[in-house]
Amino acid sequence: MAKRRGSRRPFGKEMMPGLRLQGRTAWTENATPGQDVYGETLRRGGLEEWRRWDPRRSKLGAGLVRTENEEISLLPKAGSRVLYLGAGHGTTVSHLHDIVCGADNHRGGRLVAVDLAPRCLRDLNHLARSRPGLIPLLADARKHSMIAALMPYRADWLFQDVAQASQVDIFLNACERFLRTGGLGLFSLKAASERWDGEGERALFDKVATRLSESGLELVENIELAGFEEHHMLFVCRMV
Amino acid sequence: MVWIAFDWRVALVIDDKGRILDEESWSGKMSNSLIIDRLDLIGNGGITTEARRLEERWPDACVHMAGDPQLPAHEFPQPDEEMQNAFDEAALSLSEAGVAKAAGDPDRRLEHLLSASEELRAAWLTMESRLVEWTALFLPTARVERDRSRLARIIAESTSLQNLSEELSAQLPESGPGDSEWNSMVSWADMVRGCRSRLDRMEDAIRVLATEHLPSLSKLLGPLLAARLCVSAHGRMRLARLPAGTVQILGAEKAFFSHLHNGTPPPKHGHIFMHPWISRSPWWIRGKVSRMLAAKASVASRCDAFSGQLWSDEKVTEVEQRVEEIRATHQDPPPGKRR
C-alpha cells in the first residue's frame with residue numbers, strides 16, 4: 001500500500017500541467033488516483049493527487065534533479081507524441097504518461113513504449129489497461145517497421161534506455177527515422193554495455209558526445225547520473 | 001516524382017509539394033482482429049491493400065509508411081476518436097498476444113524447470129544432511145550415513161524414538177527428545193522424503209520437454225544435459241549458433257574468464273563433463289573426448305534448431321565408437337605429464 005500524505009493545500013510550484021516541483025523533487029499528477037505504480041509516495045495537493053518521481057528508480061527522474069537547465073526543458077509537453085525505447089517495467093513511462101496524457105488521456109497525448117522482454121511487457125500491459133494513450137509494444141528497438149506500424153507519425157520527444165552494445169547506433173537510427181525536426185531526443189548511455197577500450201569511462205562518454213554531434217544532432221546537455229545511477233550518462237539532443 | 005504514404009487505415013498519393021493527388025481508405029469493419037492482422041502485416045514490412053491499389057494506379061510512385069522522413073512534408077489525415085480507440089485496443093491486444101506467446105516458448109519453460117529443480121536439489125541435500133546429523137545425535141550407535149536415501153522414509157514412518165532405534169538396530173540414549181521435538185524431527189523427515197519425490201517428478205518433466213524440444217541433442221547427451229546446455233546458452237537458437245568450442249566450456253565460465261584474465265590453465269569442459277564418456281574417462285583423454293563430443297553436440301543442436309534431419313541411434317553409436325577409438329589410442333598417460 002502506498003504512503004499517502006499531505007493536505008488539500010497545493011505544495012511546491014506547478015511548472016507545467018501535470019508537473020510540480022518542490023525543491024528538486026518532482027511530482028506528477030496521478031492519472032489513476034489512489035493507485036501507485038512502483039511503491040512511490042502519493043500526496044494530495046489542491047484537488048489532485050500527485051506521485052513522487054523517484055530519482056533513484058528512474059534515470060529521467062535523476063536527470064531532472066541533475067540538469068543545469070530548466071527541468072521542464074527536458075520533458076515533453078502535455079499532449080505531445082512520445083516514443084520510449086526500452087520501457088522496462090514502466091516506472092519512467094508512468095510519470096511521462098501523467099504529463100503527456102493524464103487521466104483518461106484528457107491531454108490527448110500518445111506514448112508508444114517499446115521493449116523486447118515479454119516479462120516487461122506484462123507490466124506495461126497492466127499499466128496500459130488503466131492508462132489510455134499508452135501503447136505498449138513488444139518489439140526490438142532496431143526493428144523500425146514494427147514501431148512505424150503503431151506510430152504512423154513522427155515523435156516530438158524520444159527517450160532511449162536500452163542497455164545493449166549498439167545503443168548509440170540504435171539511438172541515432174531511431175532519431176533519424178522517428179524524431180521530428182526540432183524534437184528532443186534523450187539517451188541514457190550505460191558505459192558497461194559498450195566495449196571496453198581501456199581508456200576509461202570519461203573517454204567513452206566524450207567519444208559518444210562527439211559522435212552524437214557529428215551525426216547532425218544538436219547536443220543540448222550531458223547529464224552525469226552518478227550518485228543515482230552509476231556509470232550512466234544522460235545525453236539530451238535536439239533534432240535539427 | 002510522386003509518393004505513396006500509408007498507415008493501417010488510409011493510403012495517400014502525394015507529390016513533391018505535399019499535395020494529395022489520390023486517396024484510398026479502408027472501408028472494412030474495424031474489428032479488433034482485422035486491425036491486428038493489418039498491424040502485423042505492415043509491422044513485418046508488408047503493405048496494405050489500399051496502398052497496393054494506389055501502387056497499381058501510380059506505378060512509378062515510391063511507397064513509404066506514414067511518418068517516414070523520406071516523404072515530402074504533407075498533412076496526413078488524423079484518425080477520429082472512434083478509430084483511435086479501436087487502434088489502441090488492437091495495439092494492446094497485439095502486445096498481450098505477444099506476452100502470451102512467450103508462455104509457449106520451450107526455452108523459457110525449460111529455464112524455469114531446470115532452475116527450480118536445481119534449487120530443490122540444493123534444498124533437499126541440505127535438509128537431508130541435517131536429518132542425518134539430527135538422528136545421529138540421538139542414536140550415536142546407528143550407522144545412519146550408510147543408507148541416507150532410506151533414512152527419511154524410516155524416520156517418517158516410525159512412531160517413536162524407541163521404534164526408530166529398533167529399526168536402525170541402535171541403542172537408545174539415556175535422554176531422548178521430548179514429544180514436540182520428536183514430532184518436529186518426524187515432519188522434517190517427511191519433508192525430506194517429499195522433496196525427493198518432487199525432484200523426481202520435476203526431472204521427468206525436464207526429460208519430456210527436452211526430448212521434445214531438443215530431440216537430437218537429447219539422444220546424444222541425454223535429455224537432462226541437453227536441457228542444461230540449452231538453458232545456459234539462453235535458448236535453443238543461440239545454442240545452435242554458438243561455436244563448438246563455446247559449447248564445450250558452457251558452464252565453466254568462471255574458469256574460462258580466470259584463464260583470460262589471470263592466465264590460469266583453460267577449462268577443458270563445462271556442463272558437458274557430466275556425460276559419462278568424459279567423466280568416466282581417464283584424465284588425460286577428457287579434453288580430447290570433450291572437444292569431439294562438443295563438436296558433435298553442436299551439430300546435433302543445429303539439426304534441432306533449424307529443423308534438420310533428426311539424429312538416429314546409429315549416429316550416436318558412431319560417436320560412441322569415436323570415444324572408444326580415443327580411449328584405445330591413448331591407453332597410458334602421456335609421458336612427463338602429471339595431473
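In H4(B), the residues B:Glu128, B:Leu131, B:Val132 and B:Thr135 meet B:Arg148, B:Leu151, B:Ala152 and B:Ile155 of H5(B), where contact means C-beta atoms, placed from the backbone, within 7 Å. The model is a predicted one, with pLDDT of at least 70 needed for local features and 80 or more for side-chain atom pairs, while totals for chains, interfaces and linings use all residues. Residues are numbered from 1 along each chain as its sequence is written, and chains are lettered from A and ligands numbered from 1 in the order in which they are written.

Helix H4 covers residues 106–138 of chain B and helix H5 residues 148–157; helices are DSSP runs (H or I, at least four residues), numbered from the N terminus. The two pack at an angle of about 70°, with their axes 10 Å apart. Axes are lines fitted to C-alpha atoms over the stretch in contact, and angles run from 0 to 180 degrees between N-to-C directions. H4(B) and H5(B) are therefore roughly perpendicular (65 to 115 degrees; under 35 is roughly parallel, over 145 roughly antiparallel, the rest oblique). Their crossing is left-handed, that is, the near helix is turned anticlockwise from the far one by less than a right angle.

H5(B) also packs against helix H7 (residues 179–213) of chain B, this time at about 135° with the axes 8 Å apart, so the pair counts as oblique. This crossing, too, is left-handed. On the H5(B) side sit B:Ala152, B:Arg153, B:Ile155 and B:Ala156, and on the H7(B) side B:Met185, B:Val186, B:Ala189, B:Asp190, B:Val192 and B:Arg193. That makes seven nonpolar, no polar and three charged residues.

Elsewhere in chain B, B:Ser232 belongs to helix H9 (residues 223–232). With 16 other C-beta atoms within 10 Å, B:Ser232 is partly exposed (20 or more would be buried, 12 or fewer exposed). Leaving aside residues up to four places away in sequence, B:Ser232 touches B:Leu250, B:Gly251 and B:His271. The C-alpha atoms of B:Ser232 and B:His271 are 9.1 Å apart, although 39 residues separate the two along the chain.

As for the interface, 20 residues of chain B meet 21 residues of chain A. On the chain B side, helix H1 (32–43) and helix H3 (81–103) are the elements giving two or more residues, and H3(B) supplies the largest share, eight residues. The chain B side splits into 11 nonpolar, six polar and three charged residues.

Conventions
Two residues are in contact if their C-beta atoms, placed from the backbone, lie within 7 Å. Ala, Val, Leu, Ile, Met, Phe, Trp, Tyr, Cys and Pro count as nonpolar, Asp, Glu, Lys and Arg as charged, and the others, Gly among them, as polar.
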